[in-house]
Amino acid sequence: MLVLVAPGQGAQTPGFLTPWLDLPGAEDRLRAWSAAIDLDLVHYGTKADADEIRDTAVAQPLLVAAGLLSADALRGLLGESGVGAVAGHSVGEITAAVYAGVLSEEAALGFVRTRGLAMAEAAALTPTGMAALLGGDPEVTLPHLEKLGLTPANVNGAGQIVAAGTLEQITALTEDKPEGVRRVVPLKVAGAFHTEHMAPAVAVLADAAGKLDVSDPALPYVSNKDGQTVATGAEVVARLVGQVANPVRWDLCMETFTARGVTALIELCPGGTLTGIAKRALPGVRTLALKTPADLDAAREIVAEHAS
């Protein structure tokens, strides 16, 4: 059983879209999307530096656009074969919603543009941040984070937890690590995503969601909220709205993949983060990160062996 996943913010690197623009029609699609959302995705995906694409309002549409380009190329390899489940990490859930048939590409890009701007505005209200904890036992780490007033914004599985809160709380964490945690690594992000600090963005997204044309998923869609599959398009979109202020439970998504019998996992562009977690958390599952179109040959082999 093949699972398709889409990465979240932080996966982008300077120039990562350049090789994908060599695919037939890719640059034209990207320019059309750029005009629709008033953001030069070609520039940001090929020429911009790391600081430019770290901006939340830029990174989120860029990631969804990259995911859609690579998903379209992968769909061409699948033919009559099927994907057993789809999921995305944080903003990657919007990419997954398109693949599942819940949203059109145009609707998804408009929605993620609104999401990125709203979350950037929310982050500007209070100096906040995020930090990755390396090592440790969740049963020890989670109560320690609560004591410091921090939120486990990403519970990724394989022992990986990302904490979020005010900059003072992040500093306190670096000085007072949970027992067993080797290092606390502050992340270069603009705010405490997936926490109460993003509450102002929820209202903005709820208004935008009410204007979307939504369909029910055509294949199993696994939600970050609790790792459960979601049956209706309305519920998918409701979760996309609430998700920005609530933790990402990628660990529970992987438990659902296992329960459904996953044998292979392909991560859309810019792949690497989620396949890295899967290699540790899903032993025996074949993984592939789509970084450039050159990876499509390996994807073809996986599709032949694992797609239903």
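Mentor: Helices (H or I, at least four residues) and strands (E, at least two) are DSSP runs, numbered from the N terminus. The model is predicted, so local features need pLDDT of at least 70 and side-chain atom pairs count only at pLDDT 80 or more, while totals for chains, interfaces and linings use all residues. Residues are numbered from 1 along each chain as its sequence is written, and side-chain values use heavy atoms, with hydrogens and water left out.

Leucine 23 has a relative accessible area of 24% and is partly exposed, a class between buried (under 20%) and exposed (over 50%), with a 1.4 Å probe and protein chains only. Beyond four places in sequence, leucine 23 is in contact with Ala73 and Pro293, where contact means heavy atoms within 4.5 Å.

The part for the close look is the open sheet of four strands, ordered S4-S5-S3-S6 with antiparallel pairing. S4 and strand S6 (181-186) are its edges; each has a single partner strand, so one side of each has no neighbour in the sheet. From one strand to the next, the twist averages 20 degrees; axes are lines fitted to C-alpha atoms, for helices over the stretch in contact, and angles run from 0 to 180 degrees between N-to-C directions. Two strands pair if DSSP finds at least two bridges between them; S3 and S5 have six, in the antiparallel sense. Threonine 128 is opposite threonine 166 in S5.

Helix H7 (residues 138-147) holds leucine 142, which is partly exposed at 32% relative accessibility. Leaving out residues up to four places away in sequence, leucine 142 touches Pro152 and Ile161. Its C-alpha atom is 9.8 Å from that of valine 155, 13 residues apart along the chain.

Strands S3 (128-135), S4 (151-157) and S5 (160-166) are among the elements that each supply at least two residues of the lining of the largest pocket. On a 1 Å grid over the protein atoms alone, a pocket is an open set of points where a 1.4 Å probe fits, with protein on both sides within 12 Å along at least five of seven lines; lining residues have an atom within 4 Å of a point. The largest pocket holds about 630 Å³ of space, a volume being the space filled by probe spheres set on the points, which are joined across faces, edges and corners. Its lining has 31 residues, with Gln9, Gly10, Ala11, Leu187 and Val189 nearest the centre.
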